[in-house]
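The tour below goes stop by stop.

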Amino acid sequence: MHRREMLAASAAALSLPVACSKAPRKPSRISIVQVPDYTQDVYDVVRRIFQQHALNIAGKRVVVKPNLVEFDKTTCVNTHPLVVHAVYEAAKSMGAADVRIAEGPGHRRTTMDLAEAAGYYDTVAKFEDSFTDLNLDDVSLRRISSPASKLNQIYLPNTILAADLVISVPKMKTHHWVGATLSMKNFFGVVPGAVYGWPKNVLHWAGIDECIMDLHGLVPMTFTVVDGIVGMEGNGPIQGTPKRAGVLVGGSDLPSVDSTCCRIMGIDPAKVVYIAKTQQGAIEQIGEPISKVQTNFQLISQFSHLRVG
Amino acid sequence: MSIIEAAQNPDGGWPYEPGRGSWTEPTVFALLSGVGSGLSASSLKRGFEWLRASQNSDGGWSPQPKTGPSTWVTALAALLPADVLGEGNHRRSVKWLLEQTGQESNMAYRIRQWMLGNQNLSFGAEKGWSWYPGAAAWVMPTAISLVALRREQATRPSDVVRERIQSGTQYLLLHACKEGGWNHGATHALGYEAGAYPETTGVALLALRGVKAPEVDRGIAQAETFYQDPRAAGAAWLRLGLEAQGRHVHADSPPAHPRKFNILDEALYRLSENPDVLLA
């Protein structure tokens, strides 16, 4: 048994306390919508997902958090700009008082160049006016009341802390340290580089899975739309290859959304440590059944044990 | 009044973006770009006063005053001339730098990794600097620290500084990318070779000024390739690095499309127009 399998199994067996306080009491409603390609249909689909979850956005300050990682021409490293824009427009159309796109890339300091190369300038009108570089934002200290990681406090950007709703819009990707990177892992991008550096290596030394859990507990009200239209398989999150799954997955319970995405990817979520430790309760699936959209994402040998079955 | 001076906060420091709080990094780069020209005497005076007042008792600087422990930004402050920053302030910053290493050069850590079968482990003398205490060393903080220590060695030579320059130089040479140049510092992971970045290639070449090694030659070639793109991200660092290696490159104009004004980018661009501030 690998170390990660042991951690996941023991977490489940011992019912370890969950680091986040957002575990739902009712079954978590998760939407799966088939979207074959990046077309204008994405805008309608995202609006429909918001309606399915009766998101109360009117008058709220909303932050849309994409996954912007690396200069890439294959469209599978960064969240596609059309999905980000669709979420941005849906939030505005539902009466949000303010909508910002915000990201703090983990490796590259040239955030605006990265955004331009990813197509964000071309897709989002006046992109710069709507964007906050979380790496350079002013920050406030937050204590972690029951840390899963070795951290007991962390600085977070004021843009995130002041938000009424943070919408995580990650790419559906495999990840060579934790198995899969989805809505929860996407919050590594809210950790300010100006304080912790590029990369935010402190998180690795404090425990990657555990920091994912801690950050999930610290970020205020959340929702997610996962870009799985074209994801990444193999040696993700940067060096992998494109994998078409043709789905958008949405919901307000992030561990359950990530769990659902894993099943779509052919990964057993109970074997992904941070999901095993945070996902609780039943899932109410709406939209397409997993069986209709499931497609195995290739796994590197170090993570072959995560495969379902 | 320059746009950098106009963005100076009432407390004397500079924010990353106008209207925000003062941070150490943009303050240092604003001062570096303004020493000698570009900033008025009163702006410089207020900037240095802010910097001196925000130095921690251990000799280092936090990214923002009262924002956690002293970090890599101490190396930035140590780039400033001692006679302007203050001899005592500068001396304490160098002392702090000399006490720092990445966690991976800790012998207990190396032995543990060796026992776990880490194939990429080194027991060499290389020692870099981390972004944040308790983490591993990376290229950018190591390169900036090296530039600061080389300047220190040029004015106040000592064996301890010389030895640390050697071990830091070794770190950079060991962390060069196979194709040439440098990225953030992880050159290979799980079987793949990672590519270089323009910004870290530039800063590493600046730090390796005067070093003769194949890694430097390949880095220069990579930097020149990057610089062929007139809007290359990190162009200011590339220019500084190439100038440090004796390659005089044409000063590029800022990006053609409008960008949100960022003090750090603006100051770096100005510094790249006047590299002697760092190279003299």
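A salt bridge here is a side-chain nitrogen of Lys or Arg within 4 Å of a carboxyl oxygen of Asp or Glu. By that rule, three salt bridges cross the interface of chain A and chain B. This is a predicted model, in which local features need pLDDT of at least 70, side-chain atom pairs count only at pLDDT 80 or more, and totals for chains, interfaces and linings use all residues. Residues are numbered from 1 along each chain as its sequence is written, chains are lettered from A and ligands numbered from 1 in the order in which they are written, and side-chain values use heavy atoms, with hydrogens and water left out.

**Stop 1: the interface**

Select A:Asp137 and B:Arg20. Their side chains meet in a salt bridge, 3.1 Å from N to O. Now colour by elements. Helix H4 (111-117), strand E4 (131-133), helix H8 (193-196) and helix H9 (202-205) of chain A each supply at least two residues of the side that touches chain B. Helices (H or I, at least four residues) and strands (E, at least two) are DSSP runs, numbered from the N terminus. By class, this side of chain A has 15 nonpolar, nine polar and nine charged residues. Ala, Val, Leu, Ile, Met, Phe, Trp, Tyr, Cys and Pro count as nonpolar, Asp, Glu, Lys and Arg as charged, and the others, Gly among them, as polar.

Contact means heavy atoms within 4.5 Å. On that basis, 33 residues of chain A are in contact with 36 residues of chain B.

How much area do chain A and chain B bury between them? About 3200 Å², with 56% of it on carbon and sulfur atoms. Buried area is the accessible area (1.4 Å probe) that two parts lose on being put together, summed over both. Select A:Arg109, A:Leu136 and A:Trp205 next. In chain A, these residues lose the most area to chain B, together 20% of what that side buries.

Show polar contacts. Between chain A and chain B, 11 residue pairs are in polar contact, both residues at pLDDT 80 or more. A polar contact is a pair of N or O atoms within 3.5 Å; within protein, one must be able to donate a hydrogen and the other to accept it, and residues adjacent in sequence count only if both atoms are side-chain atoms.

**Stop 2: chain A as a whole**

Chain A has 13 helices and 12 strands. Its radius of gyration is 18 Å, close to the 19 Å that the globule rule gives for 309 residues, so chain A is as compact as a globular protein of that length. The radius is taken over C-alpha atoms; the rule is 2.2 Å times the number of residues to the power 0.38. The C-alpha atoms fill a box of roughly 50 × 45 × 40 Å along the principal axes. Of the 309 residues, 64% count as buried. Buried means under 20% relative accessible area, exposed over 50%, partly exposed in between (1.4 Å probe, protein chains only).

**Stop 3: A:Ser256**

Zoom to helix H11 (residues 254-265) of chain A, where A:Ser256 is found. Is A:Ser256 buried or exposed? It counts as buried, at 0% relative accessibility. Its side chain makes a polar contact with the side chain of A:Asp253 at 2.4 Å. Another polar contact, of 3.1 Å, joins the side chains of A:Ser256 and A:Gln279. Leaving out residues up to four places away in sequence, A:Ser256 touches A:Ser28, A:Ile30, A:Gln279, A:Gln280 and A:Ile283.

**Stop 4: backbone in the loops**

Most residues other than glycine have a negative phi, and most peptide bonds are trans. Select A:Trp198 and A:Pro199: a cis peptide bond joins them, with omega about 10°. A:Pro199 lies in the loop between H8 and H9. Then go to A:Gly236 and A:Pro237, whose peptide bond is cis with omega near 15°. A:Pro237 sits in the loop between strand E10 (222-233) and strand E11 (241-251).

Next, A:Ala54. Its phi is positive, near 45°. A:Ala54 is in the loop between helix H2 (41-52) and strand E2 (61-66), and counts as exposed at 63% relative accessibility. For A:Lys126, phi is near 50°. A:Lys126 is in the loop between helix H5 (120-123) and helix H6 (127-130), and is exposed with a relative accessible area of 68%.

**Stop 5: chain B**

Bring chain B back. Chain B has 14 helices and two strands. Buried residues make up 59% of its 280 residues.
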